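Let's take a walk through a protein and the spaces inside its fold.

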Amino acid sequence: MAIPASLQKGLTLPVISSPMFLVSGPDLVVEACNAGIIGTFPSLNQRTTEGYRDWLQEIKGRLSPDAAAFGVNHIVHPTNPRLMADMMVSVEEKAPLIITSLGAVRDVVDAVHGYGGVVFHDIANIRHARKAAEAGVDGLILVANGAGGHAGIINPFALINEVRSFYDGTIILAGAISTGQDVAAALMMGADFAYMGTRFINTTEALAPEAYKQMVIDSGATDIVHTPAVSGIPANFMTKSLVENGIDPKHLPEHKLDMGDEAKAWKTVWSAGQGAGAIHDVVPTAELVARLRQEFAQATEQFSARFPTG
Ligand SMILES: Cc1cc2nc3c(=O)[nH]c(=O)nc-3n(C[C@H](O)[C@H](O)[C@H](O)COP(=O)(O)O)c2cc1C
């Protein structure tokens, strides 16, 4: 259980601003890293592999010397025709952290280790956690119940305890982590990092439209529905967004609705996790990270005062 040495540089709080389709771009990544947390984005947020390379080079150029590391997300699945080309760019540009989704593949892990990079893989169930561990990934991102995007349905306590029983690499916990107190709680549970998506939708640098950010503010945990209807794979979406698009959240089919390709579907119906209920504002990323650090410090101080060990 540890944070890989290459990711410790510049880290002021063990938090990863997670990759979000159509939401995370260079401004969010640069501000996150310069504020001392790991910023990430999906390579597919750029329309082409060359555009992806441009973003990587832009990010590297804008990071301060004492910034935290950045990461990129690749969808490792036959439906992603850009995987090989984008991976080549990640290797050439030596992206410090690669986050793989769907497939955990030994070849990808070896290619990233070849230049000294680190691979974290996201999982939502135990079977996938075991497969990724066998593929030699450096860390497992446990996507628990209530997370934004393709969320799991397992309770975070259950997930972390079961994975820890067979895995001693880095553990990153995801799902409705919105505050510095939540980050402290995730570490208390045995995670090495907290992985936060929905909270970072509501930053000024996120690429989401203003109405999307307002809907996050207006939504609580019960305004989030877990359904395969939008993406084919079960994911969490805001019911207000379904309703705005004429979809009845109470009568969702068990199959994918015809909403065009994946990008069109995610652009139309907006995803968020149950942590939306704790989000009340849109703030610059640097301010959010400073707030998280302050809440984290306060939470740990209060805990030590309530339960002194000496
Ligand atoms: C709008 C949105 C888009 C997402 N897109 C991706 C993605 O492209 N790749 C990925 O690995 N995870 C994606 N995720 C999942 C997040 O990286 C992360 O697992 C999740 O947001 C964590 O839960 P939280 O939102 O409750 O903090 C997305 C999440 C959201 C909310």
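We will visit the ligand and its surroundings, and then a pocket. Keep in mind that this is a predicted model.

Start at the ligand and look at what surrounds it. There are 22 residues around the ligand, and those that come nearest are Pro19, Phe21, Asn73, Ala176 and Thr198. What kinds of residues make up this shell? By class, 11 are nonpolar, 10 are polar and one is charged. Two elements to find here are strand S8 (193-196) and helix H8 (198-201), each of which gives the shell at least two residues.

Now zoom in on single atoms. The side chain of Ser18 has an N or O atom 3.0 Å from an oxygen atom of the ligand. Backbone atoms take part as well: at Phe21, a backbone N or O atom is 2.8 Å from a nitrogen atom of the ligand, and at Gly197, a backbone N or O atom is 2.8 Å from an oxygen atom of the ligand. How much of the ligand does the protein bury? On its own the ligand would expose 610 Å², and 94% of that is buried by the protein.

Next, move to the second largest pocket, with a volume of about 180 Å³. Two or more lining residues come from each of helix H7 (180-188) and helix H12 (285-306). Which of these helices gives the largest share? That is H12, with seven residues. Among the lining residues you can look for Ala184, Met188, Phe296, Phe303 and Arg306. Sorted by class, the lining holds seven nonpolar, three polar and one charged residues.

How values were computed:
Residues numbered from 1 in each chain as written. Predicted model: local features only at pLDDT ≥ 70, side-chain atom pairs only at ≥ 80, totals over all residues. Heavy atoms only, no water. Near = heavy atom within 4 Å. Polar contact = N/O pair within 3.5 Å; in protein donor to acceptor, adjacent residues only side chain to side chain. Areas by Shrake-Rupley, 256 points an atom, 1.4 Å probe, with all protein chains shown as cover. Helix = DSSP H or I, 4+ residues; strand = E, 2+ residues; numbered from the N terminus. Nonpolar A, V, L, I, M, F, W, Y, C, P; charged D, E, K, R; others polar. 1 Å grid on protein atoms, 1.4 Å probe; cavity = no way out; pocket = protein on both sides within 12 Å on 5 of 7 lines; lining within 4 Å. Points joined across faces, edges and corners; volume = space filled by probe spheres on them.
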